[in-house]
2 protein chains.
Amino acid sequence: MGVMTTRAESAAATRRALLDAAAELLDLGGPEAVTLREVGARAGVTRGAPYRHFTGKDSLLTAVAAESWERIGDQVHALRTDPALSASEKLRGALRALIDVGRNQPHLYQVLFRRRANLPGQLGDGMDRIRRQLCGPEGDPAVADRAAERFQDEFLDIVAALAGERNARHYGALLLTSAHGIAGMELSGHLDTDKWHTTVDELVDTLVRMVTDAGEMT
Amino acid sequence: MGVMTTRAESAAATRRALLDAAAELLDLGGPEAVTLREVGARAGVTRGAPYRHFTGKDSLLTAVAAESWERIGDQVHALRTDPALSASEKLRGALRALIDVGRNQPHLYQVLFRRRANLPGQLGDGMDRIRRQLCGPEGDPAVADRAAERFQDEFLDIVAALAGERNARHYGALLLTSAHGIAGMELSGHLDTDKWHTTVDELVDTLVRMVTDAGEMT
DNA sequence: GTAGCCAAGGTGACAACGTCATCTGAAACT
DNA sequence: AGTTTCAGATGACGTTGTCACCTTGGCTAC
């Protein structure tokens, strides 16, 4: 932990600080609250500095989302490879992992599932080359997509171990979308447990039981 | 369709135009694109005029959401009371109604399920009285909540007719959250039909079949 | 009918924000 | 040592939400 001297170290530290500050502000007040000026201030730099690491605010938020996807992917991977857990426990854990993000970091969760705005190409300028240059081999959204896809693959493996390879994809999609819906409706306040006479845990249990039964009878 | 003379008519027309313009801009470019200035311009007034009808941008978007909820509620009500449809067709139609909003008006859909920001009270100023005064008997969010709840009630009745009163609430919650999740994941681009070897229609069919079978064996 | 009232709407102003162009200084390279 | 490169600082500009203040033309009380 020596004093930073090399330029690469300094830049990496700044990028790290920017991401941390952005994530913190996102948790506190949503995307509106994550101001490039405030992000820079918390990272010890000024307003324009983030543009040396990200193409703009959107790119910064996408990078935060990418890191979160990687974290969730690691979490589900750990569940899948844990020999102490049964197949249904792994599935329940994976679903809960996603839902818990929605509970504990609702603003981040919305960024994770935010609308893909960038249709590929279309603007044939030299912009693409610049963006590639700034954000590494390829743009940030591609990184986020890969991280999200890794999570989905880990999740798919868990489902396959429970419901068989045949129906894994169909049931996997059903389970994943359902969990996402549970998280989203609870997050938006539209899941009144008094009105529906049920809880998030009950819903998750029902989902797990459904696919478990279906897997057995295949 | 006489020329507007009375003040009430003029104000009502302006409010209507503001809502329409806001809805149009929302569809085109999302909440960021719905600018009070542009909304006013399209409604034939200037930037500050909307503040005579809504407390601010948030209030305007909430009012748009409320009208959309009422529309969806009417749609599901029509399905429920249509004697030409079977119970499962009604259910499928209701689920599709929600998902179709996500497909055709993705930005509006996100506003419908956006996070409730306003915790009640907290700011004990006279602001509450002013807001009540501006938006009628009570604030806009309450209107939106009531409209959303009416939709849920209509939906719940459809489920009850299919799965019985006993499990209606539990299955209703499962179906509604699942449909919301399907819409949300498709909207965010995380539902790759090639990857999951399934389509939205298949997922909806599976959901309907599930609750149909469960209702029969009860 | 006329004088006053009142709310819808117009206008100016302000702070905050995203973004870009330009500048600076120090590390990295030859 | 001289040059290049790039993280970061700074100034500036356009846009937006919001408020305070003003104007005007229907509405109401006499």
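Biologist: At what angle do α3(A) and α7(A) pack?
Modeller: In this predicted model, the axes of α3(A) and α7(A) lie 8 Å apart. The two helices are therefore roughly parallel to each other, and α3(A) passes α7(A) in a left-handed crossing. The packing angle is about 20°.

Biologist: How do the residues of the contact of α3(A) with α7(A) divide by class?
Modeller: From α3(A), the contact draws on residues including A:A63, A:W69, A:E70 and A:R80. From α7(A) come, among them, A:V143, A:R150, A:F151 and A:E154. The residues of this contact divide into 13 nonpolar, four polar and seven charged.

Biologist: How are α3(A) and α4(A) oriented to each other, and in which crossing does α3(A) pass α4(A)?
Modeller: Helix α3 of chain A spans residues 57-80 and helix α4 of chain A spans residues 87-104. Their axes are 9 Å apart and the angle between them is about 160°; because angles over 145 degrees count as roughly antiparallel, that term applies to α3(A) and α4(A). As for the crossing by which α3(A) passes α4(A), it is right-handed.

Biologist: Which residues of α4(A) meet α3(A)?
Modeller: On the α3(A) side, the contact is made by A:W69, A:I72, A:Q75, A:V76, A:L79 and A:R80. By class, the contact as a whole has eight nonpolar, two polar and two charged residues. The α4(A) residues are A:K90, A:G93, A:A94, A:A97, A:L98 and A:V101.

Biologist: How is α7(A) oriented relative to α7(B)?
Modeller: Helix α7 covers residues 140-188 in chain A and in chain B, and the two axes come within 5 Å. They cross at roughly 95°, which makes the relation of α7(A) to α7(B) roughly perpendicular.

Biologist: How many charged residues does the contact of α7(A) with α7(B) have?
Modeller: By class, the contact has six nonpolar and 12 polar residues. The number of charged residues is none.

Biologist: What area is buried between chain B and chain A?
Modeller: The contact takes 42 residues from each of chain B and chain A, and 100% of the interface residues of chain B are also interface residues in chain A, so the copies meet through the same surface. Carbon and sulfur atoms give 64% of the buried area. On the chain B side, B:R115, B:K195 and B:W196 lose the most area, together 20% of what that side buries. The area buried between the chains is about 3,800 Å².

Note on methods. Residues are numbered from 1 along each chain as its sequence is written. Chains are lettered from A and ligands numbered from 1 in the order in which they are written. This is a predicted model: local features need pLDDT of at least 70, side-chain atom pairs count only at pLDDT 80 or more; totals for chains, interfaces and linings use all residues. Side-chain values use heavy atoms; hydrogens and water are left out. Contact means heavy atoms within 4.5 Å. Axes are lines fitted to C-alpha atoms, for helices over the stretch in contact, and angles run from 0 to 180 degrees between N-to-C directions. Helices (H or I, at least four residues) and strands (E, at least two) are DSSP runs, numbered from the N terminus. Angles under 35 degrees count as roughly parallel, over 145 as roughly antiparallel, 65 to 115 as roughly perpendicular and the rest as oblique. A crossing is left-handed if the near helix is turned anticlockwise from the far one by less than a right angle, and right-handed if clockwise. Ala, Val, Leu, Ile, Met, Phe, Trp, Tyr, Cys and Pro count as nonpolar, Asp, Glu, Lys and Arg as charged, and the others, Gly among them, as polar. Buried area is the accessible area (1.4 Å probe) that two parts lose on being put together, summed over both.
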